[in-house]
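Me: Could you take a close look at one part of this model for me, the aromatic rings and what sits around them? I'd like the cut-offs spelled out as you go.

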Amino acid sequence: MKPTLLVLAAGMGSRYGGLKQLDGLGPSGETIMDYSIYDAIRNGFGKLVFVIRKDFEADFRVKILSKYENHIPTEVVFQSTDKVPEGFTCPPERTKPWGTNHAVLMGREVIREPFAVINADDFYGRDSYAVMGEALKQLAGKENAYCMVGFHIGNTLSESGSVARGVCQTDSNGFLTSVVERTAIERIDGKIRFTDEHGEVVVLEENTPVSMNMWGFTPDYFAYSEACFKEFLRVHAENPKSEYFIPLMVNELVTKNIARVKVLDTASKWFGVTYAADRRGVVDKIRALIEAGEYPERLF
């Protein structure tokens, strides 16, 4: 059974100023998402599931889905604030969806096989799909055994400003022991650093593994997520800015020894359009990869 790729594409890029998932950055108008899907197909993925907002479905189907019709089966599911478990209601003042793990939950009706989760607007690189695709094939028929691609922090920074990253700790066998979201990470005087919750400056080694939201799960993850989401809502439902993130769920399962998450190493260099100023650099990096023979001039 081939794994599925679940693409989180419901968000708007507030710092970038538009629907960056539909921005053509490749030489033939390819989006970052197109490169992800091209890499997924050539590394053995058998189905695509997109999480989007209902209000841009028509635009999405014309500009995005039409490209893949003859290449791989696709499904679309919708994330909205009112999709909450029975017994809960969305507060009227809430305007944004409930976060990345809520988005993952939207795939439960159409996913029955091991699956990878990615952000639509992140360029993960060919090798990351190779290691993820191979790992997911090994997870077929298993439960409570997950994985994530651990990017080297030095390969994920923006030249236009600081970034937030899920900084990972692993045990001696390469399994995740914790992932903590750290903000305002940047390279200063050659060193990668951030300030922690105690006001202390922490320096990270170049190869420190970080989560870029490239996770591998089996379908049992949905049941855990549903239960955890209910607990989350009991505590945070009235906070209009609260978000139910994937690392929150993963940490819960890891710390309670319910599941194990293998951290997969990759030499891939992540890049993305975090800031509007990043766009030119992304276009140039894609061009360089094409000239190096990593990708064809036209993908689909």
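Reply: Here is a walk through the ring pairs, then a helix contact and a loop residue beside it.

A word on the ground rules: this is a predicted model, so local features need pLDDT of at least 70 and side-chain atom pairs count only at pLDDT 80 or more, while totals for chains, interfaces and linings use all residues. Residues are numbered from 1 along each chain as its sequence is written, and side-chain values use heavy atoms, with hydrogens and water left out.

Okay, rings. A pair of aromatic rings is described by the distance of the centres and the angle of the planes. Searching the whole structure turns up 23 aromatic pairs (rings of Phe, Tyr and Trp, the last by its six-membered ring, pair if their centres lie within 6.5 Å; planes under 30 degrees apart are stacked, over 60 edge-to-face, the rest tilted). Take Phe 45 and Tyr 129: their ring centres are 6.5 Å apart and the planes sit at 80°, so this pair is edge-to-face. Phe 45 is in the loop between helix 1 (32-42) and strand 2 (47-52), and Tyr 129 is in helix 4 (residues 126-138), so the pair ties together parts 84 residues apart in sequence (helices, H or I with at least four residues, and strands, E with at least two, are DSSP runs numbered from the N terminus). Both Phe 45 and Tyr 129 are buried (buried is under 20% relative accessible area, exposed over 50%, partly exposed in between, using a 1.4 Å probe and protein chains only).

Next up are Tyr 124 and Phe 151, with centres 5.9 Å apart and planes at 45°, so that pair is tilted. Tyr 124 comes from the loop between strand 5 (122-123) and helix 4, and Phe 151 from strand 6 (residues 145-152), so here the parts tied together are 27 residues apart in sequence. Tyr 124 is buried at 0% relative accessibility, and Phe 151 is buried with a relative accessible area of 0%.

There's also a cluster linked by ring pairs, with Tyr 35, Tyr 38, Phe 50 and Phe 271 among its members. Tyr 35 is also one of the buried residues of helix 1. In that helix, eight of the eleven residues are buried, so helix 1 is largely enclosed by the rest of the structure.

Arg 260 has its charged end over the ring of Phe 175, 3.8 Å from the centre.

Now for the helix contact. The axes of helix 5 (residues 220-236) and helix 6 (residues 246-255) come within 10 Å and cross at roughly 105° (axes are lines fitted to C-alpha atoms, for helices over the stretch in contact, and angles run from 0 to 180 degrees between N-to-C directions). That makes helix 5 roughly perpendicular to helix 6 (65 to 115 degrees; under 35 is roughly parallel, over 145 roughly antiparallel, the rest oblique).

Ser 242 is in the loop between helix 5 and helix 6, buried with a relative accessible area of 6%. Leaving out residues up to four places away in sequence, Ser 242 touches Arg 94, Trp 98, Phe 232 and His 236 (contact is heavy atoms within 4.5 Å).

Definitions and conventions: A charge sits over a ring if NZ of Lys or CZ of Arg is within 6 Å of the ring centre and within 35 degrees of the ring normal.
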